[in-house]
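Dear colleague,

Please find the structure below, handed over for your files.

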Amino acid sequence: MAKSAEPRTLRAAHEIATERLPAPDANLSVWLAFRQANARMYEKVADVDRGHHHEALYWAGYERRKAGEVSAEIQGSKSKSE
């Protein structure tokens with residue numbers, strides 16, 4: 001699937017998320033952007049892949065929770081450096 005194309009199925013969204021997965025040691029800001037983009041992508045997929053609507057919403061929520069964890073980690077590391 002072309003990277004610029006919007007996924008139309010949950011499966012395609014999973015494939016895109018896997019393709020753009022950052023390196024484990026990537027900067028936290030890279031991970032935050034990845035999680036936020038995934039949440040938006042899964043929310044859009046929930047609207048078009050109606051057969052997987054609830055599952056796509058689950059994944060959107062999961063990615064939002066993970067983004068929140070990364071954001072908290074970023075804030076924690078800023079507090080330690082001050």
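In what follows, helices (H or I, at least four residues) and strands (E, at least two) are DSSP runs, numbered from the N terminus. This is a predicted model, in which local features need pLDDT of at least 70 and side-chain atom pairs count only at pLDDT 80 or more, while totals for chains, interfaces and linings use all residues. Residues are numbered from 1 along each chain as its sequence is written, and side-chain values use heavy atoms, with hydrogens and water left out.

I begin with L28, which belongs to helix 2. Its relative accessible area is 24%, so L28 is partly exposed (buried means under 20% relative accessible area, exposed over 50%, partly exposed in between, with a 1.4 Å probe and protein chains only). Apart from neighbours within four places in sequence, L28 is in contact (heavy atoms within 4.5 Å) with V70, E73 and I74. Between L28 and H14 there are 21 Å in space, C-alpha to C-alpha, and the two are 14 residues apart in sequence.

Next, the packing of the helices. The axes of helix 2 and helix 3 are 8 Å apart and meet at an angle of about 160 degrees; axes are lines fitted to C-alpha atoms, for helices over the stretch in contact, and angles run from 0 to 180 degrees between N-to-C directions. The two helices are therefore roughly antiparallel (over 145 degrees).

The largest nonpolar core has ten residues: L10, A13, I16, A17, M41, Y42, V45, A46, A56 and A60. Such a core is a set of buried Ala, Val, Leu, Ile, Met, Phe, Trp, Tyr and Cys residues joined through side-chain atoms within 4.5 Å. Two or more of its residues come from each of helix 1 (10–19), helix 2 (28–48) and helix 3 (53–81). A second, separate core of six residues includes L32, A67, V70 and I74.

Rings of Phe, Tyr and Trp (its six-membered ring) pair if their centres lie within 6.5 Å; planes under 30 degrees apart count as stacked, over 60 as edge-to-face and the rest as tilted. Five aromatic pairs are counted by this rule. The ring centres of W59 and Y62 are 5.2 Å apart with planes at 75 degrees, so this pair is edge-to-face.

Yours sincerely

Notes. Parallel < 35°, antiparallel > 145°, perpendicular 65-115°, else oblique.
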